[in-house]
Amino acid sequence: MADDIQPAAEPGTEGRVALIIGASGGLGAAVAHVLDRRGYRLALHYTTGADRAHKLAAELSGPSTVVQADVADWAVTQDMAGRVRAELGGISVLVNAGAVRHDGFMATQAVDDWTRTVAVNLLGTFHTCRAVLPDMMRARWGRIINVVSPAGLIGSRGQTAYSAAKAGVLGMTRSLALECGRFQITVNALSPGLMATAMTEDIPARSRATLMARTAFSRMATPDEVAQGITLLLDADYMTGQVLSIDGGMSIS
């Protein structure tokens, strides 16, 4: 199938279309501002948080559109990608910054919580990558950046579902990188560690303090600090299948 995709004219860096999954979250919004400054046309995805997504769109200087989808659903994700193409054009950059976390010990955790965590974080990443790859292959250029977590690299009590999903995303990232290199598409992962966003607000203070103590700076990262890594992953033509950890040293402690 890939060999049947005919190349399209490659656009310049400015005007390329980037789809940000989870743009209504703290990291997704920070990434949007980085890409906006670089001249990308942005598709801002949200699952919930429509107000935050529309507020973000109003803050940007360049063209953007806001799209809603449950990425755990393939048909819905496909439809979302089609709407982005119709409004902005073919998708050149995909940033998978959306995630859900349902923590609990496996012996007592609800099965629905476990499967939903894997469905959104792992299957959702597959769905979005699969939906945009034809555009990138035709353009003979693309960037896929999958946001992961130290939980996918090391063990994490109470996070068997989240760890399994993020470890799966890491394996998929590496294998997809090998499939896509001949199309000048890079596929990398960005691992933020503990970051001050709405997703970490429910972590108990004692657990948060323990996690911060594992960093070299004894604090959480800000979304803006993590989003700085996007520039490297966009510009590095010969870097693919790698994990860029901006976690304050958490993954090496």
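At what angle do the axes of H1 and helix H7 (residues 223-235) cross, and within what distance do they come? They cross at roughly 50 degrees and come within 8 Å. This is a predicted model, in which local features need pLDDT of at least 70, side-chain atom pairs count only at pLDDT 80 or more, and totals for chains, interfaces and linings use all residues. Residues are numbered from 1 along each chain as its sequence is written, and side-chain values use heavy atoms, with hydrogens and water left out.

**The sheet**

- Seven strands make an open sheet with parallel pairing, in the order S3-S2-S1-S4-S5-S6-S7.
- Strand S3 (64-68) and strand S7 (243-245) are at the edges with a single partner strand each, so one side of each has no neighbour in the sheet.
- On average, neighbouring strands of this sheet are turned by 20 degrees against each other, direction ignored.
- Strands (E, at least two residues) and helices (H or I, at least four) are DSSP runs numbered from the N terminus, and two strands pair if DSSP finds at least two bridges between them.
- Strand S1 (residues 17-21) and strand S2 (residues 41-46) run parallel and are joined by four bridges; Ala18 stands opposite Leu42 in S2.

- Helix H1 (residues 26-37) lies across S1, S2, strand S4 (91-96) and strand S5 (142-147), at about 170 degrees to S1.
- Axes are lines fitted to C-alpha atoms, for helices over the stretch in contact, and angles run from 0 to 180 degrees between N-to-C directions.
- H1 and H7 are therefore oblique to each other (angles under 35 degrees count as roughly parallel, over 145 as roughly antiparallel, 65 to 115 as roughly perpendicular and the rest as oblique).
- The contact (heavy atoms within 4.5 Å) includes Leu27 and Val31 of H1 and Val226 and Ile230 of H7.

**Helices H4 and H5**

- Helix H4 (residues 111-139) packs with helix H5 (residues 160-180) at about 15 degrees, their axes 7 Å apart.
- That angle makes H4 roughly parallel to H5.
- Among the contact residues are Trp114 and Phe126 of H4 and Tyr162 and Met172 of H5.

**Salt bridges**

- The whole structure has seven salt bridges (a side-chain nitrogen of Lys or Arg within 4 Å of a carboxyl oxygen of Asp or Glu).
- One of them joins the side chains of Arg85 and Asp135, at 2.7 Å from N to O.
- Arg85 is in helix H3 (residues 74-88) and Asp135 in helix H4, so this pair ties together parts 50 residues apart in sequence.
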